[in-house]
Structure formats: C-alpha cells, structure tokens
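Please look at the sequence and the fold before going through the points.

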Amino acid sequence: MYKIEKGCDILMVTSMVFEKPPIYSAVDYDGLWKKLINELFEEFVLFFAPDLYEKIDF
C-alpha cells in the first residue's frame, strides 16, 4: 500500500508495510495439573480443604 503526501512543491510517496502478528506456539504449562485436579477433584478437595469437603455433596 502506498501513501501519497503533498508537501510544498514535491510529491512524496512512502510505502507502508503491514506485518501479521507473530504466531506463538501455545505451550500448555499447567495442563497436566488441570487434568489431575479434574480427574481427582474429590481427593483434591479432601486434601486441601477438609472442612469444605464435609459440606460438599459429591
């Protein structure tokens, strides 16, 4: 794409470059923890919040 600007007596043409945003590889750092908590949620709550565990109807 070109942009044409008029200044005093000269015609100036400048080019514009539009770059695509870089594509970063998605690294799932905590995916294993999420899977573990999801599969063992009842045991997770029992270990980290035993008082809450008693109040939850699994």
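Predicted model: local features only at pLDDT ≥ 70, side-chain atom pairs only at ≥ 80, totals over all residues.

1. Residues are numbered from 1 along each chain as its sequence is written, and side-chain values use heavy atoms, with hydrogens and water left out.

2. The chain has three helices and two strands, arranged along the sequence in the pattern β-β-α-α-α; helices (H or I, at least four residues) and strands (E, at least two) are DSSP runs, numbered from the N terminus.

3. Of the 58 residues in the chain, 5% are buried, where buried means under 20% relative accessible area, exposed over 50%, and partly exposed in between (1.4 Å probe, protein chains only). The chain exposes about 6300 Å², of which carbon and sulfur atoms supply 62%; accessible areas come from the Shrake-Rupley method with a 1.4 Å probe, and for residues only the protein chains shown count as cover.

4. A search of the whole structure finds four aromatic pairs, a pair being rings of Phe, Tyr or Trp (its six-membered ring) with centres within 6.5 Å, counted as stacked if the planes are under 30 degrees apart, edge-to-face if over 60 and tilted for the rest. The rings of Phe47 and Phe48 have centres 4.9 Å apart and planes at 85°, so this pair is edge-to-face; both Phe47 and Phe48 are exposed.

5. Tyr53 and Phe58 form a tilted pair, with 5.4 Å from centre to centre and 35° between the planes. Tyr53 is partly exposed at a relative accessible area of 24%, and Phe58 is partly exposed at 45%.

6. Phe41 lies in helix 2 (residues 41-48) and counts as partly exposed at 41% relative accessibility; the C-alpha atoms of Phe41 and Phe58 are 9.9 Å apart, for a separation of 17 residues in sequence.

7. Phe41, Phe44, Phe47, Phe48, Leu52, Ile56 and Phe58 form a nonpolar surface patch with about 720 Å² of accessible area together, to which helix 2 gives the most, with four residues. Patches are made of residues with over 30% relative accessible area and no salt bridge, like charges being joined within 9 Å and nonpolar side chains (Val, Leu, Ile, Met, Phe, Trp, Tyr) within 5 Å; a salt bridge is a side-chain nitrogen of Lys or Arg within 4 Å of a carboxyl oxygen of Asp or Glu.
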